[in-house]
Amino acid sequence: MSSASVSAKSNGTSRAKFRTYRSALNYLKATTNYENLPPAGYDKRNFNLVRMTKILEHLGCPESKMKTVHIAGTKGKGSTATMVACMLRNCGYKVGLYTSPHLLSVCERMTIDGVPPSEKEFAKVLSTVAIAAERANGCETLKEEIANAAAASPTRRRNIRDANPTFFELITAAAFQWFADNEVDVAIIEAGLGGRLDSTNVIKPEVCAITSISYDHMPQLGTTLASIAEEKAGIIKEGIPVVSAPQRPEVVQVLRSAAANKEAPLYFPGENSEFSYRFESNRTVGPHTRLSLTTEQSRFEHLQVPLPGEHQAINCSVALSMIDQLKTRGFEIDDQKAIEGLSSVQLRGRMEIIRDEPRILVDGAHNAASVEALMRAIGQTVPYDSMVVIFACQKDKDVAGMLRHVQLGADKIIFTSSGTARSADPEELLHMFQEISGKMAQVAYNLEEAVEIARSACTREDLICITGSFYVVGAATRLFGNGAE
């Protein structure tokens, strides 16, 4: 029996808090969810580790009961984390993987050996976490307190919000508890927003990684790459090896300084190892990217990158370098088994064809650098006559940068809403786009309307691309019959 369960019984609250998955979701919907809200100030009032630490203490510190790997960055975190998880799993380890956001079901955010919790399992572990959160907060009915906040004074509402755990904190704690309950060997943890104040930054990992850093979440993280890098570098721990993707000079300087302050070894593929990649195409596998990475301990030669797009070669090099560093931490890893595991990588919502007639491709490219990489990858790997892009994004993004890149690949663009309070207004997107491009563009006020407009403009050889936000990608996936929640 877990320590959390023992603690629950000793306090007279052994019964399940949520009897159904739906009741667990309703509980989460009552919490503060910064993923769906307009940008909040990125300070210790809105983002801190105090609440998270208290919840985990009341759970018996489940995050300390497993080995972990921590990944931060602007783009490529989910891809890199999934590659590491697949390689370790094929080497015989029981692997937990925690990523965000989700496309269809909140259960997707946590998996063990590629399998998410059942709805029953999720409700059970969230019950445990909610009870711990109430004790950490010094109240017996946290759900009622959250619900009653709407009727309170502005000051009271603010105090309730500051004291109560957020959606992301609860989900992160649930993942840690579920991994500990199931005795995973290692958990691969993707940071959410930033790194320094992110709820995941309570772990003591075996290795850290910083994927490519570019402009994103600027109202919270800062308007320069250096300031953004400082927040991401907050995951670096004392003496723990750090692997970074190739970065801009100002980012490299920040990472070197942060690593030196923590006496943490810092590795860049190509600097501390031999690294190269190339794009090629053949009749057997079609267009793809291959890479080679050689270190003192590992030799990965001419590997086929498992995900499309040259940018995925960079992510793959980080994942392989992390595997290399885990060897120095005592992990028993066979290179050939790791390579075989890499070939099994699949990732929903990234360059995914969700319908054949007409062809509809979805990709959660949610910042300017990701949109640029997507347009290049489509041009390299997907044949089409013309492409209609359905685009929606969050308003705290580098919108102008995203629009500049999307117009390079699109023949026509339909702007719509991502369906959240953070969504950029489609009319404003159209106005901004018309200032930088003369290409055809129009507005649709919901995804269904946008898809109908796109279908009417497409022939059999054309392509519809839905991108700009994971929320619109999730909505598109539901629309075409793969819904959940």
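At what angle do the axes of helix H5 (residues 119-137) and helix H8 (residues 167-181) cross? In this predicted model, the two axes come within 9 Å and cross at roughly 115°, which makes H5 roughly perpendicular to H8. The crossing in which H5 passes H8 is right-handed. On the side of H5, the contact is made by Glu121, Phe122, Val125, Leu126, Thr128, Val129 and Ala133, and on the side of H8 by Leu170, Ile171, Ala173, Ala174, Gln177 and Trp178.

Strand S1 (residues 67-72) is largely enclosed by the rest of the structure, because 5 of its 6 residues are buried. S1 runs parallel to strand S4 (residues 186-190), to which 5 bridges join it, and within this pairing His70 stands opposite Ile189 in S4. S1 also pairs in the parallel sense with strand S5 (residues 207-210), over 4 bridges, with Ala72 standing opposite Ile210 in S5.

A further site concerns Gly349, which lies in the loop between helix H13 (335-342) and strand S11 (352-355). Gly349 has a relative accessibility of 0% and therefore counts as buried, the cut-off for that class being under 20%. When neighbours within four places in sequence are left aside, Gly349 is in contact with Leu103, Val362, Asp363, Gly364, Phe470 and Val473. Gly349 and Ala476, although 127 residues apart in sequence, are separated by 9.9 Å in space, C-alpha to C-alpha.

Definitions and conventions. Residues are numbered from 1 along each chain as its sequence is written. This is a predicted model: local features need pLDDT of at least 70, side-chain atom pairs count only at pLDDT 80 or more; totals for chains, interfaces and linings use all residues. Side-chain values use heavy atoms; hydrogens and water are left out. Axes are lines fitted to C-alpha atoms, for helices over the stretch in contact, and angles run from 0 to 180 degrees between N-to-C directions. Helices (H or I, at least four residues) and strands (E, at least two) are DSSP runs, numbered from the N terminus. Angles under 35 degrees count as roughly parallel, over 145 as roughly antiparallel, 65 to 115 as roughly perpendicular and the rest as oblique. A crossing is left-handed if the near helix is turned anticlockwise from the far one by less than a right angle, and right-handed if clockwise. Contact means heavy atoms within 4.5 Å. Buried means under 20% relative accessible area, exposed over 50%, partly exposed in between (1.4 Å probe, protein chains only). Two strands pair if DSSP finds at least two bridges between them.
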